[in-house]
Amino acid sequence: MGKNWSEALLQLEEQTANAHQIQEKVLENLLKRNAATEYLKKFLHGSTDKQHFKKKVPIVTYEDFKSYIDRVVNGEPSTILTSEPFTEFILSTGTSGGQPKLFPSDVESLEKRISMSIWREAIIRKHIEGLDNGKRIHLLFAKPEIETPSGLMARTYVTSYFLSSRFRNHLSKDCTTPVEMIFCLNINQSMYCQLLSGLLHRDEVLRIGAVFASAFARCLKFLQDHWKEICSNIRTGQLSDWITEPACRNPMSSILTGPNPELADLLETIFEIESWEGIIRKLWPKAKFIDAIVTGSMGQYISLLDFYSGGLPIFSPGYAASEGCFGINFEPLSNPSDVSYTFVPSMAYFEFLPVDKKNREQAQELQCNGASNEESIEKCENGNVEPVDLVNVKVGQFYEVVVTTSAGKIYSLDL
């Protein structure tokens, strides 16, 4: 393992060993910077006392907070909420009044996302050697951005990360997918070319995956439907005419450089096998693991990935949401059904609201039946129970997570 990755692991060890002190510092810094903002001032009157904050600043849902965010979206200064200017809004997969939820983000938020990516990479390199000697297939798809009336862009969490210099200048260098393809908004053309490029680099690929297991499963289904055409492109050295997007066609001209009938014959032999069980290992024989989030609702895809992977380990790297980054998987080779994440104390100020198992199951049932997070919270409220700090959680107790970032103190039922 290189020096930089070892240093990253030492940083993580410091985080977990000093969780209480780091959490106290995170809250202290948030209060010093933001106590005088319009939002916090009405509760704290300029005070930066931490206990005062815990007692006076309410735990809110997105709907409680939405009016402040709307004001910034419509052009009012971000100092309503924070002393630091917002640089973008993160689009949530959830909705409010039929519209996507928007969570403010600043430079520090992006830096934290980048730190998490470095730490996740350091952990996997601790457990799996030789990753510098090949490439990765990451099937990645940026989503459309929205320009808000303020002039700030609203984009998904992963799209924001794809735009970062960390991704463009470092991670993309060993990826079989050129950056331009990731930003092609024609999903079918992007998916086709990403798979084609991955197969052309099959002898160099050491890892394969996507952000979420659902996306990886979608790509496998797409490959089942298009493998004959992909093999034909490899055989002739000519890209299909229906690939018209410059973001796909231009970079493919330097990847698909000429006929390769030998590779086409080999791939066709693999694809034509009656059962596709273990096909990932057959297509990419040097692959060491699959990289995709398989927890939460993604757990339904574990058996499918197991079937296609041929026994490759499945690494579920971390937990994040539109509100921010939270947890990281310290045991990447663990059974995907047993994955747990360790909260990283520098990411935000975390509190945990105790709930009983019955209320938690009721909340999940309400959400599965179409209730919003806010309705679930209202119907499953747990009286006047006080939240506990990160270092005071108890094994076996169920909690909902309360996240305090520079944007506010938000109760996130679905974390």
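I count two strands as paired if DSSP finds at least two bridges between them. The model is predicted.

**Entry: the hairpin**

I looked up β9, residues 318-321, and found that this strand pairs with β10 in the antiparallel sense over 4 bridges. I then checked the link between them. β9 and β10 form a hairpin, with 2 residues between the strands.

I followed β10 on to β11. Gly327 stands opposite Phe343 in β11.

How many residues of β10 are buried? I found 5 of 5, across residues 324-328. I noted the strand as mostly covered.

**Entry: the four-stranded sheet**

I traced an open sheet of 4 strands next. I read the order as β3-β6-β7-β8, with parallel pairing. Which strands stand at the edges? They are β3 (135-139) and β8 (314-315). Each has a single partner strand, so one side of each is left without a neighbour in the sheet.

I went through the pairings of β7. β6 covers residues 205-212 and β7 covers residues 289-293; they pair in the parallel sense over 4 bridges. Arg207 stands opposite Phe289 in β7. On to β8: 2 bridges join β7 to this strand, and the two run parallel. Here I found Ile290 opposite Ile314 in β8.

I asked myself why β7 counts as largely enclosed by the rest of the structure. The reason is burial: 5 of the 5 residues of β7 are buried, so the strand is largely enclosed. I checked both faces, and both are covered. Phe289, Asp291 and Ile293 are buried on one side. Ile290 and Ala292 are buried on the other.

**Entry: α11 against α13**

I turned to a helix pair. α11 is residues 213-236 and α13 is residues 261-271. Their axes come within 8 Å and cross at roughly 160°. Angles over 145 degrees count as roughly antiparallel, and α11 and α13 are therefore roughly antiparallel to each other. I recorded the crossing of α11 past α13 as left-handed.

I listed the contact residues. From α11 come Leu223, Trp227, Cys231, Ile234 and Arg235. They meet Pro261, Leu263, Ala264, Asp265, Leu267, Glu268 and Phe271 in α13. I sorted this contact by class: 9 residues are nonpolar, none are polar and 3 are charged.

Definitions and conventions:
Residues numbered from 1 in each chain as written. Predicted model: local features only at pLDDT ≥ 70, side-chain atom pairs only at ≥ 80, totals over all residues. Heavy atoms only, no water. Buried < 20%, exposed > 50% of the residue type's maximum accessible area, 1.4 Å probe, protein only. Axes fitted to C-alpha atoms, helices over the stretch in contact; angles between N-to-C directions. Parallel < 35°, antiparallel > 145°, perpendicular 65-115°, else oblique. Left-handed = near helix turned anticlockwise from the far one by under 90°. Contact = heavy atoms within 4.5 Å. Nonpolar A, V, L, I, M, F, W, Y, C, P; charged D, E, K, R; others polar.
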